[in-house]
Amino acid sequence: MFQRILVAADPSPARHSVVRLAGDMARLTGAKVHVLHVAASAATLGAVVTLEDDVEAKALLDEAVTALRDTGVEAEGTVVNALTQQIAGTISSAAQEWQADLIIVGPHHRGSLEAFLNPRVSDAVAHSSRVAVLLAPDDDADTQR
């Protein structure tokens with residue numbers, strides 16, 4: 001079954017359910033987990049604006065890796081930088097490079113117009129990846145739309 005699981009952890013509260021699901025899957029299958037956090041930047045007319053500083057990105061990654069290891073899962077992690085429109089491709093590429101056989105991502109809830117104009121990262125990963133993609137559910141039913 002799954003031996004190498006790539007987890008895409010973002011700053012949203014949904015990351016906790018993503019990490020928890022990855023841990024559950026890894027314990028069931030004996031898989032190794034690689035946590036990937038993409039620290040996003042946005043391109044403006046004349047500059048690239050960092051949306052998250054290095055300390056925040058490292059703390060998020062460390063939190064996820066520690067949570068997995070605390071439950072007995074073999075886990076490691078990486079922070080990479082990318083523009084917001086490159087996040088899905090970055091996740092898919094990282095999964096392929098690490099030879100993952102499963103990617104776990106969180107939901108990115110948006111209204112239908114916003115989703116049409118700016119596709120969800122999870123949707124884009126599912127369409128661009130050659131690896132199975134599992135969408136983790138929200139922990140809180142009130143945030144579902």
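Helix α1 gives the most residues to the lining of the second largest pocket, 7 in number. Welcome to this protein, which is a predicted model: local features need pLDDT of at least 70, side-chain atom pairs count only at pLDDT 80 or more, and totals for chains, interfaces and linings use all residues. Residues are numbered from 1 along each chain as its sequence is written, and side-chain values use heavy atoms, with hydrogens and water left out.

- A pocket is found on a 1 Å grid over the protein atoms alone, as an open set of points where a 1.4 Å probe fits, with protein on both sides within 12 Å along at least five of seven lines; its lining residues have an atom within 4 Å of a point.
- The second largest pocket holds about 180 Å³ of space, where the volume is the space filled by probe spheres set on the points, and grid points are joined across faces, edges and corners.
- Its lining has 13 residues, and His16, Val19, Arg20, Ala67 and Leu68 are the closest to the pocket centre.
- By type, the lining divides into 5 nonpolar, 3 polar and 5 charged residues; here Ala, Val, Leu, Ile, Met, Phe, Trp, Tyr, Cys and Pro count as nonpolar, Asp, Glu, Lys and Arg as charged, and the others, Gly among them, as polar.

**Overall layout**

- The protein has 5 helices and 6 strands, taken from DSSP runs (H or I of at least four residues for helices, E of at least two for strands) and numbered from the N terminus.
- Along the sequence, the pattern reads β-α-β-β-α-β-α-β-α-α-β.
- Of the 145 residues, 41% count as buried, where buried means under 20% relative accessible area, exposed over 50%, and partly exposed in between (1.4 Å probe, protein chains only).
- Among contacts (heavy atoms within 4.5 Å) with a separation of 6 or more, 76% join residues 24 or more positions apart.

- The mean pLDDT, the predictor's confidence in each residue from 0 to 100, is 86, and 88% of the residues reach 70 or more.
- Residues 109–117 have pLDDT below 50, and this stretch has 11 contacts in the model beyond near neighbours in sequence.
- Over residues 141–145 the pLDDT also stays under 50, with 6 contacts beyond four places in sequence.
- Where pLDDT is low, the predicted coordinates should not be read in detail.

**The nonpolar cores**

- A nonpolar core is a set of buried Ala, Val, Leu, Ile, Met, Phe, Trp, Tyr and Cys residues joined through side-chain atoms within 4.5 Å.
- The largest core has 22 residues, of which Ile5, Val7, Val33, Val35, Leu68 and Ile104 touch the most other members.
- β1 (4–8), α1 (15–29), β2 (32–43), α2 (54–70) and β5 (102–105) each give two or more residues to this core.
- Another core lies apart from it, with 18 residues that include Val38, Ala40, Ala95 and Val125.
- Leu68 contacts Val19, Ala22, Gly23, Val33, Val35, Val73 and Ala75, leaving aside neighbours within four places in sequence.

**Residues to find in the viewer**

- Ala136 sits in the segment after β6 (132–135) and is buried, because its relative accessibility is 1%.
- The C-alpha atoms of Ala136 and Ser17 are 6.5 Å apart, although 119 residues separate them along the chain.
- Beyond four places in sequence, Ala136 touches Ser17, Val18, Leu21, Ile104, Val105, Gly106 and Pro107.
- Ala82 belongs to strand β4 (residues 75–83) and counts as buried, because its relative accessible area is 9%.
- Not counting residues up to four places away, Ala82 touches Val38, Ala39, Ala40, Ser41 and Thr90.
- Gln3 is placed in the segment before β1 and is partly exposed, at 41% relative accessibility.
- Gln3 touches Thr29, Gly30, Ala31, Lys32 and Asp101, residues up to four places away in sequence not being counted.
- Gln99, in the loop between α3 (87–98) and β5, is exposed with a relative accessible area of 60%.
- Phi of Gln99 is near 60°, a positive value in a residue other than glycine.
- Most residues other than glycine have a negative phi.
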